[in-house]
Amino acid sequence: MGKACEGVDTVVHVAWYTNPSDYLLSPRNQDCLKGTLALAKGAAQVKIRRFIGVGTCFEYKLTGGYLSIQTPLNPLTPYASCKAAAFSALTNHFSSEGIEFAWCRLFYLYGDGKNPKRLVPYIRSKLQLGKVAELTSGMQIRDYLNVASAGEMIVQSALDKTLGPINICSGKPITVRELAETIADEYGARQLLKFGARPDNLIDPPCVVGVK
């Protein structure tokens with residue numbers, strides 16, 4: 001890994017396993033953690049100046065609803081646990097090496113390139129065909145951010161001097177229902193949104209909003 005980082009000023013590490021069907025529980029999270037630590041070791045060997053890692057809001061204790069970088073961590077899945085472990089290990093490693101380190105925790109993203117099974121692409125695909133989009137109650141409160149805006153925020157974190165955790169979020173609460181209705185209005189098709197057709201996930205937190 002060190003050779004690959006030679007001559008590099010800043011590393012922005014976003015690679016991870018994210019198949020929506022199983023990424024939260026997949027054992028491949030362990031592989032991603034090992035790969036992240038190997039990359040960090042190589043980057044430190046050649047004395048890069050700055051390293052940006054990408055984490056998740058699921059690292060936090062979610063019961064508080066509104067999550068700041070001071071919110072305690074309490075990862076509940078292999079995905080979140082491996083992300084939190086990476087954050088802890090890299091914080092200590094880069095501090096001892098005198099390398100700048102920032103950790104960008106992503107909240108709920110939507111936009112171009114997202115997997116079609118995700119909420120926003122699913123709704124759009126149904127409405128474009130004039131078909132019903134079957135949804136939960138939609139009462140969950142979330143922090144949604146366009147992936148392009150998230151990318152800009154990550155780039156900014158690479159260019160500035162901020163250290164430690166950074167919330168990559170909008171900071172604006174919105175219910176899933178409100179989001180779905182906003183999308184449906186683009187098609188004039190609110191009548192195609194069928195709320196309550198799918199059961200709410202009882203272990204899904206009712207509110208997840210980032211605090212910048």
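**Cysteines, an open sheet and a helix pair**

Cys169 is buried, at a relative accessible area of 0%. This value, like those that follow, comes from a predicted model. The sulfur of Cys169 lies 9.2 Å from the closest cysteine sulfur, which belongs to Cys57. That separation is too far for a bond. A disulfide requires the two sulfur atoms to be within 2.5 Å. By this rule, zero disulfides are counted. Cys57 is accordingly in no disulfide, and its nearest cysteine sulfur is that of Cys169. Cys57 is also buried, with a relative accessible area of 1%.

Strand pairing was examined next. An open sheet is formed by four strands. Their order is β3-β12-β7-β10, and the pairing is mixed. The edges are taken by β3, residues 66-67, and β10, residues 174-175. Each of these edge strands pairs on one side only. Strand β7 comprises residues 141-142. Two bridges join β7 to β10, and the two strands run antiparallel. Within this part of the sheet, Arg142 stands opposite Ile174 of β10.

Strand β2 spans residues 50-56 and includes Phe51. Phe51 counts as buried because its relative accessibility is 0%, under the 20% cut-off. Glu100 is 49 residues away from Phe51 in sequence. In space, the C-alpha atoms of Phe51 and Glu100 are 6.2 Å apart. Glu100 is also one of the contacts of Phe51 once neighbours within four places in sequence are left aside.

Helix α1 covers residues 28-45, and helix α2 covers residues 78-97. Their axes come within 9 Å and cross at roughly 15 degrees. The angle is under 35 degrees, so α1 is roughly parallel to α2. The crossing of the two helices is right-handed. On the α1 side, the contact is made by Asn29, Gln30, Leu33, Thr36, Leu37, Ala40, Lys41 and Ala44. Helix α2 contributes Pro78, Tyr79, Cys82, Ala85, Ala86, Ala89, Leu90, His93, Phe94 and Glu97.

Conventions
Residues numbered from 1 in each chain as written. Predicted model: local features only at pLDDT ≥ 70, side-chain atom pairs only at ≥ 80, totals over all residues. Heavy atoms only, no water. Buried < 20%, exposed > 50% of the residue type's maximum accessible area, 1.4 Å probe, protein only. Pairing = 2+ DSSP bridges. Contact = heavy atoms within 4.5 Å. Axes fitted to C-alpha atoms, helices over the stretch in contact; angles between N-to-C directions. Parallel < 35°, antiparallel > 145°, perpendicular 65-115°, else oblique. Left-handed = near helix turned anticlockwise from the far one by under 90°.
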